[in-house]
Amino acid sequence: MSSQENPEENLPSVQEKTEHGSVAVADENPFADPGLPPHEHRVQDIDERAAKRSERAVAFLFTLSMLATIGFIASYVAFPVDKSVYIFPIGHISALNFSLGMTLGVALFCIGAGAVHWARTLMSDVEVADERHPIEAEPEVKAKVMADFKAGAAESQFGRRKLIRNTMFGALAMVPLSGVVLLRDLGPLPEDKLRHTLWSKGKLLVNMNTNEPLRPSDIAVGSLTFAKPEGLEEHDHDFQKEIAKAALMIVRIQPDDIKDKQELEWSHEGVVAYSKICTHVGCPISLYEQQTHHVLCPCHQSTFDLSDGARVIFGPAGHALPQLRIAVNEEGYLEALGDFAEPVGPAFWERG
Ligand code: FES
């Protein structure tokens, strides 16, 4: 065997001088494997009362985790968003954020600390030497892993220490509840709010720019007028929410040019009112071509023909714009005859 095949041949020998001056050679390997130190038993291995104390400590940590999770949920319910507290040395912070962070942190920490303490004091404490082996697992290796797993489960006393097992299950089962209660922050359910707008029978059409009720004579041929429902003011708390559904565009078309029969019936002397909200993804439509009666959404170029029921003639929008049925009241102002017949905006009715 060459020295390359046996690296230990290349190791230096230890040379010592004898009392007669000759040199003795000691064939000791300075890099020899020192082996495992003598095994020392833990106090829990030899004293059942110490093992019981450790068991109670682990159970205490898991129980503390459960209480912290309950505290997390209670904090979420109890503390208003705007309440602040003084915490030294941080200063004034949100009571809700502080309590949520603290309780969730304690819940997770106690699970981790309980598991570590359990492993260090009660699970098997036997040193095991294992030879290096190829990465690819042989069937026998898989079988051995399964056997080791079962042996490990048995040695961890998972079945015998019912107190630990049950409190650990409780702690692990309750921690996800923290995430579940946060789902409430997604907001209240929309209920039927997307199906209705502020338009109702008798509501006047008010010019968005002048804030004045509109008469048919205010709508010039070729112009595009934007309107809102009477009573909706910009300083209202819900203005943005309501105008996002109720915004209206009004044009005047020669009645003979209107091809759609219902559109003609729902108009007044060629004045037609349509939702301004694009049925693709809800952009406000703002470009009107007088000659063709086409309106164009600037976001993705959906084009609607206002002389033909506002049907889509180009672009990604999937539906015609909803039309508002209008008439003129006794004072000569344009008024709605009800709400839109279908939900406005991006294809909501398909989700119905
Ligand atoms: S939002 Fe109008 S085309 Fe996309």
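What radius of gyration does the protein chain have, against that of a compact globule of 352 residues? In this predicted model, the protein chain has a radius of gyration of 40 Å, whereas a compact globule of 352 residues would have one near 20 Å. The C-alpha trace spans about 130 × 60 × 45 Å along its principal axes. Eight helices and 15 strands make up the secondary structure of the protein chain. Of the 352 residues, 24% count as buried. Among contacts between residues at least 6 apart in sequence, 56% join residues at least 24 apart.

The protein chain is divided into two parts, domain 1 (43-186) and domain 2 (193-351). Their C-alpha centres lie 59 Å apart.

Helix 2 comprises 31 residues, 48-78. At 1.5 Å a residue, helix 2 should span 45 Å, and this agrees with the 44 Å that separates its end C-alpha atoms. Buried residues of helix 2 include S54, E55, V58, A59, L61, F62 and S65; A68, T69, F72 and S75 are also buried. An α-helix has 3.6 residues a turn, so residues three or four places apart point the same way. The cover over the buried residues of helix 2 includes helix 1 (43-46), helix 3 (95-121) and helix 5.

The loop between helix 5 (162-182) and strand 5 (205-207) contains P188. This residue is exposed, because 7 other C-beta atoms lie within 10 Å and a residue counts as exposed at 12 or fewer. P188 is 119 residues from T69 in sequence, and the C-alpha atoms of P188 and T69 are 24 Å apart in space.

How values were computed
Residues are numbered from 1 along each chain as its sequence is written. This is a predicted model: local features need pLDDT of at least 70, side-chain atom pairs count only at pLDDT 80 or more; totals for chains, interfaces and linings use all residues. Helices (H or I, at least four residues) and strands (E, at least two) are DSSP runs, numbered from the N terminus. A residue is buried if 20 or more other C-beta atoms lie within 10 Å of its own, exposed if 12 or fewer, and partly exposed in between; C-beta atoms are placed from the backbone. Domain bounds come from an automatic or database domain assignment. The expected span of a helix is 1.5 Å times one less than its number of residues. Two residues are in contact if their C-beta atoms, placed from the backbone, lie within 7 Å. The radius of gyration is taken over C-alpha atoms; the globule rule is 2.2 Å times the number of residues to the power 0.38.
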